[in-house]
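The sequence and coordinates are shown first.

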Amino acid sequence: MNEKIVIKGGIPLKGTVDVTGAKNAAVAILPATILARGTCVIENLPRIADVLIIKRILAEIGAEVEFDDDGTMTVDTTNINTSNVTMNLVKRMRASYYLLGALLSRFGEAQINLPGGCAIGERPIDQHIKGMEALGAEVRTEYGMLKAKAPNGLVGSDVYLDVVSVGATINIMLAAVCAKGQTSIVNAAKEPHVVDVANFLVCMGAKIKGAGTDVIRITGVEKLHGCNYSIIPDQIETGTLMIAAAATRGDVVIKNVIPTHMEALSAKMVEMGIDVQEGADFIHIKCDKKPKAVKIKTMPYPGFPTDLQQPATVLLSTAEGTSMIVESIFESRFKHISEIRRMGAKVTTDDRVAVVEGVERLTGAPVRATDLRAGAALIVAGLMADGVTEIHNIKYVDRGYDHIEDKLKKLGADIRREEVIREEADDLY
Ligand code: EPZ
């Protein structure tokens, strides 16, 4: 069913809201359960489309999977019976590349669909392939599929990543934990979800040191076992809610968070003149005036997260002054800008730089999400705009946010989900 989100904006968000488990940890930890012949119980999973797709993929290849309403998934991978995962489902989820490392480790071979590109850039996987080949695998790309095999098993090695890549760092970890000998991943990504995956693998019996630093060292073990694990809170959902609170000039306590994961955004919001108070597991955002214009450059963790660039652009669209945003990670992550221009934003872009001239206010309009975080940005825009905003293509939002409209409604937003009648979607603009 094609749905849209309808928001009547201009209401300051107030109250408390709980953050759910991290999407980008979940989409790696669930394929990682393939590494053990046993049962894993994973708690605090977000109920989002990408998690439901992985659940179906695991079941299709022979795992016993149960997903409770409270976000706990029980996965018994004892009877997984194939390393060939080329069903259409795989194409629908970008993070399906993690199946490569997990299946290659368990079966010595793997065949998966090549992940699609997406709206934010080409997103090559050459560093993933470089890592698998360094561990002794032969990797071929043919007929739109990645085929990997390591007939003599995987052997530990040093892998120097040419670019800091979250996906490649995690995928190489998955392949290396049962390889023979030592593996070092140099120039590794340090994101919180990279550390979460490493902690999960250690919980399964892996030997990993240095996750969260530039160099991760892995000592291969004979085999892994099932375990119980709870996913960390979602850094990007936390940041999106922090931004929505400030954008609506609200007063919101965001709970079940890890404040240290949010430091780049918190520091930038303090620079904007927004009141940011931190506790052990909460962040309190208060904002009663226009934020000051700032400069933002997206960087690998602990730098400013690229996934928050799009919502932050919207927050700055009504700042005092002119802001500059440099998107250094992905080559085309400004597709939300043409949509917010329809709401009165004054933003000019040139390649990876956006110049955002603060305007008095945004006004509601029908807009269309082009990717997950663009959709989140448009929700923030609708919440702060004067009048009604309709956001189409919210299937993108449902990939990464667990019932976002319920969370926002609890904070006082006038927001609802509606079915899109076919012709209406065609006449959008
Ligand atoms: C992960 O994508 C996240 N997705 C992205 O979140 C996030 O934006 C990104 O990391 C950066 O933090 C998941 O975790 C499922 P990368 P990933 O490999 O792993 C280049 C969201 O909204 N690169 O760190 O694909 C790449 O083109 C999504 O939740 C290569 O050149 O990102 C990019 O410029 C969007 N070769 C840079 O590295 C490779 O082999 C960082 O990409 C791999 C990546």
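## Conventions

Helices (H or I, at least four residues) and strands (E, at least two) are DSSP runs, numbered from the N terminus. The model is a predicted one: local features need pLDDT of at least 70, side-chain atom pairs count only at pLDDT 80 or more, and totals for chains, interfaces and linings use all residues. Residues are numbered from 1 along each chain as its sequence is written, and side-chain values use heavy atoms, with hydrogens and water left out.

## Ligand site

The shell around the ligand comprises 25 residues, of which Asp-126, Gln-127, Ser-165, Asp-307 and Ile-329 come nearest; a residue is near if one of its heavy atoms lies within 4 Å of the molecule. By class, the shell has twelve nonpolar, six polar and seven charged residues. Here Ala, Val, Leu, Ile, Met, Phe, Trp, Tyr, Cys and Pro count as nonpolar, Asp, Glu, Lys and Arg as charged, and the others, Gly among them, as polar. Helices H1 (23–32), H5 (126–134), H6 (166–176) and H12 (372–384) each supply at least two residues of this shell. The ligand lies between domain 1 (3–20 + 233–426) and domain 2 (23–230), because both give residues to the shell; the domain bounds come from an automatic or database domain assignment.

## Cavities and pockets

On a 1 Å grid over the protein atoms alone, a cavity is a set of points where a 1.4 Å probe fits but cannot get out, and a pocket is an open set with protein on both sides within 12 Å along at least five of seven lines; lining residues have an atom within 4 Å of a point. Grid points are joined across faces, edges and corners, and a volume is the space filled by probe spheres set on the points. The structure holds four cavities of 30 Å³ or more. The largest cavity has a volume of about 60 Å³, and its lining has ten nonpolar residues, one polar and no charged. H8 (235–247), H12 and H14 (404–410) each supply at least two lining residues, and H12 gives the largest share, four residues.

The second largest pocket has a volume of about 160 Å³. Its lining has three nonpolar, three polar and four charged residues, including Arg-249, Lys-290, Glu-360 and Arg-361.

Most residues other than glycine have a negative phi, and most peptide bonds are trans. Arg-249, in the loop between H8 and strand E15 (251–255), has a positive phi of about 60 degrees. A cis peptide bond, with omega of about 10 degrees, joins Tyr-301 and Pro-302. Pro-302 lies in the loop between strand E18 (295–297) and helix H10 (309–315).
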